[in-house]
Amino acid sequence: MDNLPPMDLMRSEKMSFVQLIIPVESAHRAVSYLGELGLLQFRDLNADKSPFQRMFVNQVKRCAEMSRKLRFFKDQISKAGLLSSVRPVTQPDVELEELEIQLAEHENELIEMNANSEKLRQSYNELLEFKIVLQKAGSFLVSSGTHAVSERELDENVYSNDDYVDTASLLEQVEKTVFVVFFSGEQAKSKILKICEAFGASFYPVPEDITKQRQITREVSSRLDELEVTLDAGIRHRNKALASIGVHLVKWISMVRREKAVYDTLSMLNFDVTKKCLVGEGWCPIFAKAQLQAALQRATFDSNSQVGIIYHVMDAAESPPTYFRTNKFTNAFQEIVDAYGVARYQESNPSVYTVITFPFLFAVMFGDWGHGICLLLGALVLIARESKLGTQKLGSFMEMLYGGRYVLLLMSLFSIYCGLIYNEFFSVPYHIFGLSAYKCRDTTCSEAKTTGLVKYQDPYAFGVDPSWRGSRSELPFLNSLKMKMSILLGVAQMNMGIILSYFNARFFGSSLDIRYQFVPQIIFLNSLFGYLSLLIIIKWCTGSQADLYHVMIYMFLSPTEDLGENQLFWGQRPLQIILLLLAMIAVPWMLFPKPFILKRLHTERFQGRTYGILATSETDLEVEPDSARHYDEDFNFSEVFVHQMIHSIEFVLGAVSNTASYLRLWALSLAHSELSTVFYEKVLLLAWGYDNLVIRLVGLAMFAFATAFILLMMETLSAFLHALRLHWVEFQNKFYHGDGYKFRPFSFATLTEDED
């Protein structure tokens, strides 16, 4: 087994802890090249310092200020209705200092243009208001000069003349009312002016002479025309300036974002004692050593440094980060596992098996090849458009669907497979794989399908015989089939989890875990539920009528009692007694030996010593987790014993509860099938029974709605969550610690807008 090649994704990549000693003149270029490579996770050597106490705080502030200016440009371009170029034109690279000067000039120019435009717009609005006031007030004064105006007529004229006036912005309109106030005396005038000022009203003088009114109106109209021309010219000039900025905006944003990330990373480094070199530490995969050294040599050459960058592999006391190399297919499954907890360094990765078991268990609950085809079409659409969707900013729901498109693909394929086994197409069975194995006893049952069916040929070739549909024993038969199938699948997956715990212990060299954890666990689980699975298979193969409930219950209550008609094979009773004794022995086997052996190993190792042993490498800390080496410095026997007792009790009780938990496969499969049947028979067939086109169309629409929103959305989500629980709890708790931390290298590819 040791000679077998390693399985991809089974173990995380081997990591090494490295130290970089970088001359100051090549530090920026070296970190930039490492960011392009994206294979080194820097360790923060200044974690005790605030951001304002770090070495490159001024450069970070400058980049943050440039990011603010670029966001300002982006907002201005968006408000103007212009589009920034996604593919900027080719231009020579500019230095950060030169870009900073350009951005400051562009910002000052834009601010000045906006201020001038605002002043012109304000003057334009004032003149427009004045023009409207002259028109409304002039017509009112003319009518009041020829007719006696009562108070009621005055009120009507005051409040009925509304107009929309442009203010502040080309895109904003504010409703304003033209009103006239008549008063007598200076004191009343003073009060009226204060009230109007308090409500933001504008005052405009309106002469009583009609000739002067017309003259002022012509002057205002002429001035408005001039301002419109000036405003249009200003807008064109501003849009031209914004367009010139938009051509380079994407490149500038990327450049500033990268520079800020570089200086943030440089702030994690320290100066050496000579103050001429920067010292950095971090984690990198072992396979990336040659690439990192090549990038550092290139940085030394490009910066014309006389001193090379020193790359030194060190020992580390802390556990390395976990890094799995995934692709677009396996990434979604890895994310499902990581949502529970990131794998401990080099422990078995559940996602290797989750790729198949997760969509399969989903399909066991969702099995219907008609619904599976609908899911398959949706998955194929997402996959066909992945190049386009990958470059777009999607909503949270669409982003989730897009990220899980390959999970959806496998879920749909397995749903079609399980649907063919269940022989359900939107709950309707079909004779796809030949004729039924049953026929009617006589002609009277040819339509009822409830009694009189007899078997006349070999079993149906694949899946459930369509004749079970509508028969009296349909529900008992399917319940029995799916319940037993759920137990078989559950016991198989739990055994797989325990076997993976063996490979974990073997990989880390922990013989104690193999002898006193793996062996008793595999014995206990299979003495009870492995035996139950064997009985199910024998009963299926022999067609026995034995009551398995009775067999399992009396295996504990009366193990020596004669089984009678419930006996499935010769020697069943002594085998049950042996298995029961093994299960009883396995419990203390799990509980007692390991804590006492750990105590003895600890005592022997430190007997006669008054000091501890210094760890020489991170291998010393990781080679034997949960073993004697782990408790070298601070061994507490009572704590170890209580931990082992909790672990043992949890496994014993979990063996029962986890097996019962897999019955959700049966429950959800039955619920999905019955819901499909109800919608088909009580909605579609019921509507189709009427000889009316409208009723048929309504029934078809209701059936399509129920299928899409209840069966394809809610039932999919329900089955997904239950499959998730079975993997997180029932499967992974047998071997998976999930207390590691992700490898997060410094990479320009992972920079987002949130980091500006």
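**Strand pairing, helix packing and a nonpolar surface patch**

In the predicted model, strand β1 (residues 15-23) is largely enclosed by the rest of the structure, because eight of its nine residues are buried. Strand β1 pairs with two other strands. Nine bridges link β1 to strand β6 (residues 277-285) in the antiparallel sense, and five bridges connect β1 with strand β7 (residues 310-314), again antiparallel. The residue Q19 illustrates both pairings: its bridge partner in β6 is E281, while in β7 Q19 stands opposite H312.

Helix α8 (residues 331-340) contributes buried positions of its own, namely A332, F333, Q334, I336, V337 and D338. These buried residues pack against four helices: α9 (351-366), α12, α13 (405-422) and α22.

The patch covers about 760 Å² and is formed by F397, M398, M400, F705, F709, M713 and M714. The greatest contribution is that of α22, with four residues. M400 lies in helix α12; its relative accessibility is 56%, and it therefore counts as exposed, the cut-off being over 50%.

The unreviewed UniProt entry places the feature "transmembrane region" at residues 358-383, 404-422, 485-505, 517-538, 575-592 and 693-714. Across residues 358-383 the chain is 92% helix and 0% strand, with 20 Å between the end C-alpha atoms. Across residues 693-714 the chain is 100% helix and 0% strand, and the end C-alpha atoms are 30 Å apart.

Backbone geometry was also considered in two loops. Most residues other than glycine have a negative phi. Q346, which is not a glycine, has a positive phi near 70°. This residue is located in the loop between α8 and α9, and its relative accessible area of 7% means that Q346 is buried. A positive phi of about 55° is likewise found at F426, also a residue other than glycine. F426 belongs to the loop between α13 and β8 (438-440). With a relative accessibility of 18%, F426 counts as buried, since the cut-off for burial is under 20%.

Note on methods. Residues numbered from 1 in each chain as written. Predicted model: local features only at pLDDT ≥ 70, side-chain atom pairs only at ≥ 80, totals over all residues. Heavy atoms only, no water. Patch = residues over 30% accessible without salt bridge, like charges linked within 9 Å, V, L, I, M, F, W, Y side chains within 5 Å. Areas by Shrake-Rupley, 256 points an atom, 1.4 Å probe, with all protein chains shown as cover. Salt bridge = Lys/Arg side-chain N within 4 Å of Asp/Glu carboxyl O. Buried < 20%, exposed > 50% of the residue type's maximum accessible area, 1.4 Å probe, protein only. Contact = heavy atoms within 4.5 Å. Pairing = 2+ DSSP bridges. UniProt positions renumbered as here; feature names shortened; annotations may be inferred.
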